[in-house]
Amino acid sequence: MYECPNCGGNLKFDIATQQLKCDYCLTQKDPYEITKEKDAEENNLFDVTVFTCPQCGGEILSTDTSIAEFCSFCGASTILTSRIRQEKRPSYIIPFQQTKAACKQAYIAKMRRAIFAPDELKHEKYIDGFRGIYIPYWAYSVSQKGSVHLKGEKTYRKGDYVYTDHYDLSGDIDAGYHDLSYDASSSFSDTISEKIAPFDVKGTKRFTPSFLSGFYADTADVDSRLYRNDVIRLANATSLDAIRKQAEFRDVTITDKKTAPSLSNTLHTVCPSPERTLYPVWFMSYRKGDRVAYATVNGQTGKVAADIPIDIRKYLLGTILLALPVFLLLNFLFTFKPAFTLVLSLLLAVFTLVLYLVEINQICRQDLRTEDRGFQFKQFSNETDSEGKNHGKEKIPPTEFLKYGKGFLGSLIAILLAIWIFIFNPVSDLWYYGGAIASLAGVLSTVMAIIQKYNVLATRKLPQFDRKGGDDRA
Ligand SMILES: [Zn+2]
Ligand SMILES: [Zn+2]
């Protein structure tokens, strides 16, 4: 807690004025003027209260010691345990620009369009649960300076001959890339950070702990080396592209190796260790059964990203209201031949089967967080090099696939039935009509499963953070 010099009350960061403000006497102070004894810049550390969720092990940091009554990661309403710890000081911060009221409005505007969403997601009581959390990022910089020599060639045809001219391209490069930022928290999903990106680095300020007063922060637990090669590759590719676009080089193909590290040598690429920065995010979680959904709002720009599950009752009602007139109209306009009806239901069955399998594949990927490199890094840091390589591309085992349900059976049986009827080609039309009806019933059961699975896809598995002994990083 930061004490008000006037009355001893609690100073908190006020978004509207970008100043610290006393709850009690409304005194305003510049954040840089207010420090605690232990905030001293020299030792590179500062004191924080660490709140830990007893259910999922999720951690959030605060400079206040007041009680936290719910967990933002798993949505549990429970008193979080707290203790004091020293944390590494970030270098920079983008302070919150969007007030909680503005964030709530942006969220409500988005949910107004989500007509099939459960009503709870639109209740004021729920919406008030938005919590301001600073998410840690690694901000990398790259510089490239010096003389560059590249080999190139140009091929052209003259009569029956193909000529290749060879070139030595020389020039000077002076390129700088700043604030290439990557999610430094394994608990904050990469998919969320991508959806609410970008942050405008022009709003970046030098960090001082009092900015956190009244807010929370997530821990930076992803190794800063994780994204280094990505950053270098990106800088090299961008610079090479810029060189290629120079008028003099237009028709020349650059034949030098285009991969790191040889290209890094050619371009004099230097990438020092990244800076710790904090970006502001309004964060809310919605828990239903063993699934959790997140709503996030970019605390600087107000961009909203939300997991929106479907209320099945609302959805079915909507579909029936829409499908009934379409069906009646079709029935009125066309008379279907028996074989054609069966072909139609066969196609539907194939379509829904594929849709179901694609969906299950997505659910598996999301639950195993195969594309989340920060998370994969934490999970497998013992088994891989610092880059957390390859875990994103692993194939999902079929057993994992089946665990997610057998909703595909309806469509599969429908397909087999239709093929069986076509092979035996019975004389009576009734076989075809009966087969079509049975097939459609199978398709319908798969469609129901697809909607249910959609809700799984729109939400997340309850998190479980493995903090290994808790105090070891203090
Ligand atoms: Zn005061
Ligand atoms: Zn929790």
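Helices and strands here are DSSP runs, numbered from the N terminus. The model shown in these views is predicted.

View 1. The bond from Ala-197 to Pro-198 is cis, and its omega is near 0 degrees. Pro-198 sits in the loop that runs between helix H3 (190–196) and strand E11 (205–206). As background, most peptide bonds are trans.

View 2. Most residues other than glycine have a negative phi. Gln-18 has a phi near 60 degrees, a positive value in a residue that is not glycine. The loop holding Gln-18 lies between strand E2 (10–14) and strand E3 (19–22). Gln-18 counts as partly exposed because it has 15 C-beta neighbours inside 10 Å. His-268, also not a glycine, has a positive phi of about 60 degrees. His-268 is placed in the loop between helix H5 (262–267) and strand E14 (269–270). His-268 has 15 C-beta neighbours inside 10 Å and so counts as partly exposed.

View 3. Leaving aside residues up to four places away in sequence, Asn-44 touches Lys-88 and Arg-89. Between Asn-44 and Ala-339 there is a C-alpha to C-alpha distance of 77 Å, with a separation of 295 residues in sequence.

**View 4. Domain 1 and domain 2 make contact.** Domain 1 covers 2–132 + 280–306, and domain 2 covers 312–461. Their C-alpha centres are 40 Å apart. Five residues of domain 1 and seven residues of domain 2 take part in the contact. On the side of domain 1 that touches domain 2, four residues are nonpolar, none is polar and one is charged.

**View 5. Helices H10 and H11 pack against each other.** Two packed helices are described by the angle between their axes and the distance between the axes. For H10 (residues 409–424) and H11 (residues 429–458), the axes come within 7 Å and cross at roughly 165 degrees. The two helices are therefore roughly antiparallel to each other, the cut-off for this class being over 145 degrees. The crossing of H10 and H11 is left-handed. On the H10 side, the contact residues include Gly-410, Ile-413, Leu-417 and Ile-421. H11 contributes, among others, Trp-431, Tyr-432, Gly-435, Gly-442 and Val-443. By class, this contact of H10 with H11 has nine nonpolar residues, seven polar residues and no charged residues.

**View 6. Helices H7 and H10 also form a contact.** The axes of H7 (residues 338–368) and H10 come within 8 Å, and the crossing angle is roughly 150 degrees. H7 and H10 are therefore roughly antiparallel to each other. Their crossing is left-handed. Residues of H7 in the contact include Leu-342, Leu-346, Val-350, Leu-353 and Tyr-356. Among those from H10 are Leu-412, Ile-415 and Ile-421. The contact of H7 with H10 is made up of 11 nonpolar residues and three polar residues, with no charged residues. Ser-411, Ala-414, Ala-418 and Ile-421 of H10 are listed in the contact with H11, and these residues of H10 are also listed in the contact with H7.

How values were computed. Residues are numbered from 1 along each chain as its sequence is written. Chains are lettered from A and ligands numbered from 1 in the order in which they are written. This is a predicted model: local features need pLDDT of at least 70, side-chain atom pairs count only at pLDDT 80 or more; totals for chains, interfaces and linings use all residues. Domain bounds come from an automatic or database domain assignment. Two residues are in contact if their C-beta atoms, placed from the backbone, lie within 7 Å. Ala, Val, Leu, Ile, Met, Phe, Trp, Tyr, Cys and Pro count as nonpolar, Asp, Glu, Lys and Arg as charged, and the others, Gly among them, as polar. Axes are lines fitted to C-alpha atoms, for helices over the stretch in contact, and angles run from 0 to 180 degrees between N-to-C directions. Helices (H or I, at least four residues) and strands (E, at least two) are DSSP runs, numbered from the N terminus. Angles under 35 degrees count as roughly parallel, over 145 as roughly antiparallel, 65 to 115 as roughly perpendicular and the rest as oblique. A crossing is left-handed if the near helix is turned anticlockwise from the far one by less than a right angle, and right-handed if clockwise. A residue is buried if 20 or more other C-beta atoms lie within 10 Å of its own, exposed if 12 or fewer, and partly exposed in between; C-beta atoms are placed from the backbone.
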